[in-house]
Amino acid sequence: MHLRRMREARGMTLEDLAVHSGLSFRGVVYIEHGQRNPSLTTLINLARGLQVQPSRLLVAFDAEQETPPDSNCQAQD
């Protein structure tokens, strides 16, 4: 979802991102829908296509890890 939001915020179609990143249309679709995990090289190419730093694509993962654990999910004996 993060990749899709970034792409749409820039007014890009899937085709646009594929062309600008040097990836196949189908490859971008699979990554955007979570059906494939991109390699580091692919992340760099996607960032180039979006004209952002590669770290911007990883921000969503940092935010998930910083979320405090839910206090209602404590183990019970």
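These legends accompany close-up views of a predicted model. Residues are numbered from 1 along each chain as its sequence is written, and side-chain values use heavy atoms, with hydrogens and water left out. Because the model is predicted, local features need pLDDT of at least 70 and side-chain atom pairs count only at pLDDT 80 or more, while totals for chains, interfaces and linings use all residues.

**View 1. The buried face of helix H2 (14–21).** Helices here are DSSP runs (H or I, at least four residues) numbered from the N terminus. The buried residues of H2, where buried means under 20% relative accessible area with a 1.4 Å probe and protein chains only, are Leu14, Leu17, Ala18 and Ser21. Seen down the axis of H2, these residues fall within an arc of 100°, so they line one face of the helix; the arc is taken from the directions that run from the helix axis to the C-beta atoms. They pack against H1, H3 and H4, and H2 is followed by Gly22, whose phi is positive, near 75°.

**View 2. The buried side of helix H3 (residues 25–32).** Val28, Val29, Ile31 and Glu32 are the buried residues of H3. They cover an arc of only 165° around the axis, which puts them on the same side of H3. Among the elements that cover these residues are helix H1 (2–9), helix H2 (14–21) and helix H4 (40–50). Gly34, which follows H3, has a positive phi, near 75°.

**View 3. The largest nonpolar core, with Leu3 as one of its members.** A nonpolar core is a set of buried Ala, Val, Leu, Ile, Met, Phe, Trp, Tyr and Cys residues joined through side-chain atoms within 4.5 Å. Of the 15 residues in this core, Leu3, Leu17, Val28, Leu46, Leu50 and Leu57 touch the most other members. H1, H2, H3 and H4 each supply at least two residues of the core, and H4 gives the most, with four residues. Leaving aside neighbours within four places in sequence, Leu3 is in contact (heavy atoms within 4.5 Å) with Leu17, Ile31, Glu32, Leu46, Leu50 and Leu57.

**View 4. The lining of the largest pocket.** H1, H3, H4 and helix H5 (55–66) each supply at least two residues of this lining, and the largest share, five residues, comes from H5.

Note on methods. Buried < 20%, exposed > 50% of the residue type's maximum accessible area, 1.4 Å probe, protein only.
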